[in-house]
Amino acid sequence: MEQLLEEAGQHLAGRTGGPTHRMLLKDRDNPRRYLALIEFESYDEAMRNSDAPETSRMAEQLGALCLGERVYTNCDLLDARDPK
């Protein structure tokens, strides 16, 4: 998963409308569970990215590594700040 996300990041580098931030998390309580958090400038940018053929290919490749069903969630950022 890390390699696929890294390759996708390199491919999308510098492209307008692409992800602005990416995190890959591993569940400490269930080491077979991962969460990929992909951040975009806006919901519209995220949806344009979702419609791109290269995004579909990457999702298929990631899905092949998954044992269960993939779950997608769209979230709105309500607050983000650096701790003081």
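## Overall picture

Among contacts in the protein chain (heavy atoms within 4.5 Å) between residues at least 6 apart in sequence, 34% join residues at least 24 apart. This is a predicted model, in which local features need pLDDT of at least 70 and side-chain atom pairs count only at pLDDT 80 or more, while totals for chains, interfaces and linings use all residues. Residues are numbered from 1 along each chain as its sequence is written, and side-chain values use heavy atoms, with hydrogens and water left out.

The protein chain holds 3 helices and 2 strands. Helices (H or I, at least four residues) and strands (E, at least two) are DSSP runs, numbered from the N terminus. Along the sequence the pattern of the protein chain reads α-β-β-α-α. Its C-alpha atoms fill a box of roughly 40 × 30 × 20 Å, taken along the principal axes.

## Surface and charge

The protein chain has 84 residues, of which 17% count as buried. Buried means under 20% relative accessible area, exposed means over 50%, and partly exposed lies in between (1.4 Å probe, protein chains only). Accessible areas come from the Shrake-Rupley method with a 1.4 Å probe; for residues, only the protein chains shown count as cover.

## Salt bridges

There are 4 salt bridges in the count. A salt bridge here is a side-chain nitrogen of Lys or Arg within 4 Å of a carboxyl oxygen of Asp or Glu. One of them pairs glutamate 6 with arginine 22, with 3.4 Å between the closest N and O atoms. Because glutamate 6 belongs to helix H1 (residues 2–12) and arginine 22 to strand S1 (residues 21–26), this pair ties together parts that are 16 residues apart in sequence. Both ends are partly exposed: glutamate 6 has a relative accessible area of 38%, and arginine 22 has a relative accessibility of 36%.

Another salt bridge joins the side chains of aspartate 27 and arginine 33 at 3.3 Å, N to O. Aspartate 27 is partly exposed at 23% relative accessible area, and arginine 33 is partly exposed at 47%. Arginine 81 and aspartate 79 also meet through their side chains in a salt bridge, at 3.0 Å from N to O. Here arginine 81 is exposed, with a relative accessible area of 67%, whereas aspartate 79 is partly exposed at 48%. Aspartate 79 sits in the segment after H3. Between aspartate 79 and aspartate 27 there are 52 residues of separation in sequence and 23 Å in space, C-alpha to C-alpha.

## The nonpolar patch

Met23, Leu25, Leu35 and Leu37 make a nonpolar surface patch of about 320 Å². Patches are made of residues with over 30% relative accessible area and no salt bridge; like charges are joined within 9 Å, and nonpolar side chains (Val, Leu, Ile, Met, Phe, Trp, Tyr) within 5 Å.

S1 and strand S2 (34–39) each supply at least two residues of this nonpolar patch. Leucine 25, one of the patch residues, is in strand S1. With a relative accessible area of 36%, leucine 25 is partly exposed.

## Serine 50 and threonine 55

Serine 50 has its place in helix H2 (residues 43–51), and threonine 55 lies in helix H3 (residues 53–65). Serine 50 is partly exposed, with a relative accessible area of 40%, whereas threonine 55 is buried at 15%.

Not counting residues up to four places away in sequence, serine 50 touches Thr55 and Ser56. With neighbours within four places in sequence left aside, threonine 55 is in contact with Asn49 and Ser50. Serine 50 and glycine 18 are 32 residues apart along the chain, and their C-alpha atoms are separated by 9.9 Å.
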